Amino acid sequence: MPTKTNDLYTTAHLFVAAVRVLDHRDGAPPSLKAVCGQLAYSEEKGSYLLNRFKELGIVDTVKSGFNDRIVVADHLAIEALPRDTEESRLEQELKKFKQGKNAMQEKVESIKAQQNQKKQDLFAEIEKKLKQKIEKK
């Protein structure tokens with residue numbers, strides 16, 4: 001069983017390869033449904049990838065009588081994609097939340113430390129005044 005990777009670089013290469021193979025086999029640019037069938041992707045995932053790759057200029061669509069057909073626009077644009085595993089938006093938001101929480105916790109600790117220092121200074125000042133009063137007597 002082949003290993004599945006989540007990085008956009010590998011997925012783009014697979015997507016473009018499927019478009020090229022289907023174009024060669026059928027003699028016409030493939031539909032999204034055909035590409036998804038070739039890659040065993042759901043149509044939702046395929047649609048998401050198609051839109052993402054269109055934005056990046058890797059593929060384009062051609063209007064056909066019944067549905068849009070996919071063509072390779074600039075396969076070299078794939079090389080600009082990151083080669084590591086892409087984090088999901090949820091993971092990114094979770095990291096931001098944790099960083100924000102840690103920053104807030106540090107701020108609270110800093111405020112507590114300042115308050116403790118103020119208390120110590122206040123007690124030291126009160127003690128000093130009391131000692132002065134005792135010495136006057």
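Q: How long is helix α3, and what span is expected for it?
A: Helices here are DSSP runs (H or I, at least four residues; strands are E, at least two), numbered from the N terminus. The expected span is 1.5 Å times one less than the number of residues. In this predicted model, α3 covers residues 43-55, 13 residues in total, and reaches 18 Å from first C-alpha to last, close to the 18 Å expected.

Q: Which residues of α3 are buried?
A: Buried means under 20% relative accessible area, exposed over 50%, and partly exposed in between (1.4 Å probe, protein chains only). In α3, the buried ones are Gly-46, Leu-49, Leu-50 and Phe-53. They sit on the same side of α3 because they cover an arc of only 105 degrees around the axis, taken from the directions from the helix axis to the C-beta atoms.

Q: What does the buried side of α3 pack against?
A: Contact means heavy atoms within 4.5 Å. The buried residues of α3 pack against α1 (8-26), α2 (32-39), β1 (59-62) and β2 (69-72). The face turned away from that side carries exposed Glu-44 and Glu-55.

Q: Is Ser-31 buried or exposed?
A: Ser-31, in the loop between α1 and α2, counts as buried because its relative accessibility is 10%. Leaving out residues up to four places away in sequence, Ser-31 touches Asn-67, Asp-68, Arg-69 and Ile-70.

Q: What about confidence, the pLDDT?
A: That's the predictor's confidence in each residue, from 0 to 100. The chain averages 88, and 93% of the residues score at least 70.

A: Some housekeeping: residues are numbered from 1 along each chain as its sequence is written, and side-chain values use heavy atoms, without hydrogens or water. Local features need pLDDT of at least 70 and side-chain atom pairs 80 or more, while totals for chains, interfaces and linings use all residues.
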